[in-house]
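Take each exercise slowly, try it yourself, and then follow the worked solution.

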Amino acid sequence: MPKITASTVAEHRAQQREALIEAAIDILVNKGAAAVTPAAVGARAGLARSSVYQYFDSSATLLSTITEEAFRRSNEALAHALATANSPLERIEAFFRESLRLGAEGAHRPAAALMNAGLPPVCQQRLMELHLEQVEPFRAAVRQLGAPEPALTADLIAGMLHTALAAVEHGTPLDTATERTLALVRRCLTPTADVVPSSDTGR
């Protein structure tokens, strides 16, 4: 049995499980889903394969756990960011700001790798459910603003977030991408009645 580094056996097991999940995510992001095996994960975490089987009995179980973990941590951060937002627009801005911050830290990479991993149908379905749960606060805020065709509007605005995430990955400073994206989002969600039309002198 490995040396216990926590004050209780339960804490030690929790630490080992967390280390295995971290190792599995690292392998997934860098080598793909096919490389996520109990032996590989155990080697990366410094544990024997037999120890891995105490927590995860197969590669499928590891991938299923990663699927849940890929969203749990981000969801906690997003919920915390949205907790102090007092209006639909503030919730959208908080969602975008925190999503970009998480993206800059690479938090989206496990989910992105899973989406392209050719997972079993049950895992693919769960992945989609988790994604929809994660973006629902943003989509609800768009609906609450009374935007026309809210589902389409939310999809189009989400495209800006994906583009901004890609820009950050390619070297655009986080602050620059965040502020520019939020400026565009505000413009898109400003009621047309509040927009002063430019004078047309060509007629």
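**Exercise 1.** Is Glu 149 buried or exposed?

**Solution.** Before starting, note that this is a predicted model, in which local features need pLDDT of at least 70, side-chain atom pairs count only at pLDDT 80 or more, and totals for chains, interfaces and linings use all residues. Residues are numbered from 1 along each chain as its sequence is written, and side-chain values use heavy atoms, with hydrogens and water left out.

- Step 1: Recall the cut-offs: buried means under 20% relative accessible area, exposed means over 50%, and partly exposed lies in between (1.4 Å probe, protein chains only).
- Step 2: Glu 149 has a relative accessibility of 58%, so this residue counts as exposed.
- Step 3: Find its place in the chain: Glu 149 sits in the loop between helix 7 and helix 8. Helices here are DSSP runs (H or I, at least four residues), numbered from the N terminus.
- Step 4: Look at the backbone: phi of Glu 149 is near 45°, a positive value in a residue other than glycine. For background, most residues other than glycine have a negative phi.

**Exercise 2.** Find which residue meets Arg 73 and Glu 69 in one network of salt bridges, and trace the pairs.

**Solution.** 

- Step 1: Know the rule: a salt bridge is a side-chain nitrogen of Lys or Arg within 4 Å of a carboxyl oxygen of Asp or Glu. A search of the whole structure finds 15 of them.
- Step 2: Take Arg 73 and Glu 18, whose side chains form a salt bridge at 2.7 Å, N to O. This pair links distant parts of the chain, with Arg 73 in helix 4 (residues 59-82) and Glu 18 in helix 1 (residues 9-31), 55 residues apart.
- Step 3: Check accessibility. Glu 69 counts as buried at 11%, Arg 73 is partly exposed at 27%, and Glu 18 is partly exposed at 32%.

**Exercise 3.** How are the rings of Phe 95 and Phe 138 arranged?

**Solution.** 

- Step 1: Rings of Phe, Tyr and Trp (its six-membered ring) pair if their centres lie within 6.5 Å; planes under 30 degrees apart count as stacked, over 60 as edge-to-face and the rest as tilted. The structure holds three aromatic pairs.
- Step 2: The ring centres of Phe 95 and Phe 138 are 5.7 Å apart and the planes lie at 20°, so the pair is stacked.
- Step 3: Phe 95 belongs to helix 5 (residues 88-104) and Phe 138 to helix 7, 43 residues apart.
- Step 4: Phe 95 is buried at 4% relative accessibility, and Phe 138 is buried at 3%.
- Step 5: Together with Phe 96, they form one aromatic cluster.

**Exercise 4.** Which helices do the buried residues of helix 9 pack against?

**Solution.** 

- Step 1: List the buried residues of helix 9: Ala 177, Thr 178, Thr 181, Leu 182, Val 185 and Leu 189.
- Step 2: Look at the other face, turned away from the buried side, which carries the exposed residues Asp 175 and Arg 187.
- Step 3: Follow the contacts (heavy atoms within 4.5 Å): the buried residues of helix 9 pack against helix 5 and helix 8.

Notes:
Helices (H or I, at least four residues) and strands (E, at least two) are DSSP runs, numbered from the N terminus.
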